[in-house]
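Reader: I have a new model open and would like to go through it with you. Can we start with the terms?

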Amino acid sequence: MTSVHWVLVLPAVGIFVLAGIPSLAVAGWLNLLLTFAELLAALALGWQVKQSGVLVLPGFYIDAFNVYLVALTTFVGFTTAVFSRPYMAELVDKGLLSRRRMRLYHAMYQGFLLTMLLALTTNNLGILWVSIEGATLATVLLVSLYRTPEAIEAAWKYFILCGVGIALALFGNVLVYFGAQPVVTHPEDGLTWSLLYPYAEHMNPTVMSMAFVFLLVGYGTKVGLVPMHFWLPDAHSEGPTPVSAVLSGLLLNVALYAVVRLKMLASPAILAADLPDLPGLLMMGFGLLSFSVAVLSLHRQRDIKRLFSYSSIEHMGLMTFAFGMGGPLATFAALLHMLVHSLTKSAIFVTVGHATHIAGTQTLEQIRGLIRVQPGVGWGLLLGVAAIAGFPPFGIFTSEFLVLSATIQHWPWLTGILLVGLGIAFAGLFRQIHPVVYGPAPEGQRPVRANMLPVLIHLLLVLWLGLAIPGFLAGWLNEVTQLLVGEGLL
Amino acid sequence: MNLLHLSLAEQGIFVLAALILLASFFLIAQVRLVAAIHSFAWQGALIAAVTFLVAGVQNTPHLLVSAVLTLLLKAIGIPWILHFLVRKMGLEREMERLQRPALTLLVGTGLVIFSYWAVLPIERLEFGATRNIIAISLAVVLLGLWCMVARHQVIVQVLGFMSMENGLFLAAVASTKGMPLVVELGVAFDVLVAAILFGIFFLQIRENLTTLDADRLNRLSEKEER
């Protein structure tokens, strides 16, 4: 077995083992251990790819692009498991969750990681679809974990909207397969990435543009692009907090990964026929729309988790916009943004989880004076929000600055929209969060046992990426940029 | 394209595709819950028949596997699960009054015309005979979507969702001789899990809201003070 297989076998085993362990303490630690082992396997895989370049195994295709997301996915999976162990145990102690439900939670946590890692590593566009749908099914169970009417409703909306979206993506896949038939030697190979990509220019441009429209709408639903985003705030606000963290930090990335991969496939055929780059333009349009709608929505949120889920839509929109713009600078920026956004957003959700436990509610107006009550949580939230709003020295400032520079280069008249949008988002976040962290604490809020280590690690990493991107990582991202747009930035 | 120039098998595929489209319309218009489940089951059986036919003509054994799978899953398995749930919840006599039946069906017809229009660019490709099938499968997908919008009964909405999957399957089978087997197995697995999850959800929604009307799922929004 190579490290690819280890990356996938560990969570697969985890599903069955964790479903069968009745002891909560054992299951929590085992979950932590498994995610740590997955992280080690992913790092080994990264090392292997670094040494040998592209890795093609039967059924798997690993290049610089997906291995970087595999590493990110397992890392956030691990730190979230560190947070989830005591957090979920506390919910069980309070009687909000039964022990049987916790077995489901742990099994589905691993199931979710499995489907996402499979989506990233597979060589087959069909399997990519199957695993993203699988991720939906696993997270539906996680979102509905509390079984309150609101949780059921959120899970139902999520299920239906993403189900419909993903069905449209399947139609796109069928069209890709249809369009690939003339270029592949064996009809079965029509969805195999490594055999398809070299011939991307020779595919039929009409079929590929139609396929991309369906794929963008389909996977875009999971990215949370407006107007298919309605599931996202509900699922984030009603699910358990660790689930919100992995949804925002990981699932959206994987869906965006699928969109970008398919753009790589569709664009060459369309450009070879001297048509305008429809995939890029569509992604820019959807991205900009999502960004604008999300920044305006930030102002009218009453629920702290909904607030940050709209912020996720904003950032995913920005990334989609940058990937759509293409060119080395924008692509490098989008890749960096993917990384720093995942780290920051999962850190924020971890902090928000503690904050809601302190206040006993998710309503923004009732969470007050966190710094007085528990300085660790308060400062964590404040710094997290500063990072996500794009304050220098944090990494998001760097990536947003790069996106803006690329926009000034290629689409100068869009710069204004982005700048104003970033300003509105900044105001929206701080207007809402300022009274939450400062000011006097109301009666009845008392400190909880909080494990701020994951938050600290994430924010330090984001800070480090903002001050100085380490050479190997910059080289790595540069390699991915080269892979995506043909030329590197550095 | 002259229909008489097609082989018998191709003509058979066209007839079956037309019946599949008809089943979609039945699904939209059926007010009785049990009858709607039956039209979904018929659609599944017709899809399985198309798959058998294509497998026989093209001599592709892996399509036989997926034909059997479709028959077991879409024509028997899922309808049976839904039937069981309906009986368990005592909804056999459940009827849903369609708000505007004529308008609903007219929109459906419009969707079919739109699908033919949308696949016009593909018509100019060399594989001429398949554009009809792609148009019909796109129409079945869109009609499934329309069913989810137009109907308020949660179970009928799920039937619409599943019939979208049927349309996709038809596109895959009839236009490209089926996707690779591993993909089809994966899709079938996902559909099965989805059906089971839907069942769990029906019970949960029923327990929490005492009704299966989707209009009642409206607690979550920004405006509301919660």
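Author: Contact here means heavy atoms within 4.5 Å. This is a predicted model, where local features need pLDDT of at least 70, side-chain atom pairs count only at pLDDT 80 or more, and totals for chains, interfaces and linings use all residues. Residues are numbered from 1 along each chain as its sequence is written, chains are lettered from A and ligands numbered from 1 in the order in which they are written, and side-chain values use heavy atoms, with hydrogens and water left out.

Reader: How many residues do chain A and chain B put into the contact?

Author: Chain A puts in 48 residues and chain B 52.

Reader: And what area do they bury between them?

Author: About 4,600 Å², with 74% of it on carbon and sulfur atoms. Buried area is the accessible area (1.4 Å probe) that two parts lose on being put together, summed over both. A:Trp156, A:Phe171 and A:Phe178 supply 16% of what chain A buries against chain B, more than any other three residues.

Reader: How many salt bridges are there across chain A and chain B?

Author: The rule finds zero; a salt bridge needs a side-chain nitrogen of Lys or Arg within 4 Å of a carboxyl oxygen of Asp or Glu.

Reader: Which helix gives the largest share of chain A's side?

Author: H6(A), with 20 residues. Helices are DSSP runs (H or I, at least four residues), numbered from the N terminus.

Reader: Different topic. What domains does chain A have?

Author: The assignment gives domain 1 (1–123) and domain 2 (294–321 + 329–490). Such bounds come from an automatic or database domain assignment.

Reader: How far apart are the C-alpha centres of those two domains?

Author: In chain A, the centres of domain 1 and domain 2 lie 24 Å apart. At their interface, 18 residues of domain 1 are in contact with 25 residues of domain 2, and the area buried between the two domains is about 1,900 Å².

Reader: Which residues of domain 1 lose the most area there?

Author: A:Phe65, A:Tyr68 and A:Phe83, together 30% of what the domain 1 side buries against domain 2.

Reader: How many salt bridges does the rule find between the domains?

Author: Zero again for domain 1 and domain 2 of chain A.

Reader: Then which helices of domain 1 touch domain 2?

Author: Helix H2 (24–52) and helix H3 (64–93) of chain A are the elements that give two or more residues to that side. H3(A) gives the most, with 14 residues.
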